[in-house]
Amino acid sequence: VDHDPQLHPWALIATGAMGLAGYVVFRASNSQKDAFRKDPRSCSVQHLKVLEVTNVQTGRPSKLLISGWWGLARKINYTGDWCMGCAWSMATGCPVREGSLLTYFYPIYFAGL
């Protein structure tokens with residue numbers, strides 16, 4: 001496939017930075033959640049604040065992280081995932097100029113979730 005999206009070098013740098021930032025947020029937040037689930041008393045996550053809640057449907061107690069990555073947003077890992085998807089799509093060029101939204105399907109679909 002031979003397609004040059006004709007992006008300015010600064011647009012490429014911004015797109016790469018957005019993808020990298022998305023990857024960092026995605027990996028760091030998921031790693032923090034995984035470490036907390038494995039051992040909440042681990043030195044890497046013991047400093048995190050936790051809210052004790054009860055599941056309304058099941059009545060089971062649960063712990064909700066309210067600091068660290070998970071204190072910034074309820075599903076912060078989705079933010080990183082969406083940023084990566086946008087960066088992948090933006091690397092293909094502008095859909096208005098190119099005439100196709102096909103490469104933007106994933107971030108549009110993901111935003112609708």
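Which elements do the buried residues of α3 pack against? I looked this up in the model, which is a predicted one. The buried residues of α3 pack against α1 (9-38), α2 (69-72) and α5 (105-112).

**Helix α3**

I then checked the helix itself. Helix α3 covers residues 76-90, 15 residues in all. From its first C-alpha to its last I read 21 Å, close to the 21 Å expected at 1.5 Å a residue. I listed its buried residues as I76, N77, G80, D81, C83, M84, G85, C86, A87 and S89.

**Fold and extent**

I counted five helices and two strands in the chain. Along the sequence they follow the pattern α-β-β-α-α-α-α. The radius of gyration is 19 Å, while the globule rule gives 13 Å for 113 residues, so I noted the chain as more spread out than a compact globule. For the box filled by the C-alpha atoms, taken along the principal axes, I wrote down roughly 55 × 30 × 20 Å.

**Burial, contacts and surface**

What share of the chain is buried? I found that buried residues make up 25% of the 113 residues. I also looked at contacts with a separation of 6 or more: residues 24 or more positions apart account for 50% of these. The chain exposes about 8300 Å², and I noted that carbon and sulfur atoms supply 62% of that area.

**Two residues**

Is N77 buried or exposed? N77 is in helix α3. Its relative accessible area is 8%, and the cut-off for buried is under 20%, so I recorded N77 as buried. Leaving aside neighbours within four places in sequence, I found N77 in contact with F26, S29, N30, K33 and W70.

I finished with S31, which is found in helix α1. S31 has 36% relative accessibility. Partly exposed runs between the 20% limit for buried and the 50% limit for exposed, so I put S31 down as partly exposed. I also checked S31 against W69: the two are 38 residues apart in sequence, and their C-alpha atoms are 10.0 Å apart in space.

Conventions:
Residues are numbered from 1 along each chain as its sequence is written. This is a predicted model: local features need pLDDT of at least 70, side-chain atom pairs count only at pLDDT 80 or more; totals for chains, interfaces and linings use all residues. Side-chain values use heavy atoms; hydrogens and water are left out. Helices (H or I, at least four residues) and strands (E, at least two) are DSSP runs, numbered from the N terminus. The radius of gyration is taken over C-alpha atoms; the globule rule is 2.2 Å times the number of residues to the power 0.38. Buried means under 20% relative accessible area, exposed over 50%, partly exposed in between (1.4 Å probe, protein chains only). Contact means heavy atoms within 4.5 Å. Accessible areas come from the Shrake-Rupley method with a 1.4 Å probe; for residues, only the protein chains shown count as cover. The expected span of a helix is 1.5 Å times one less than its number of residues.
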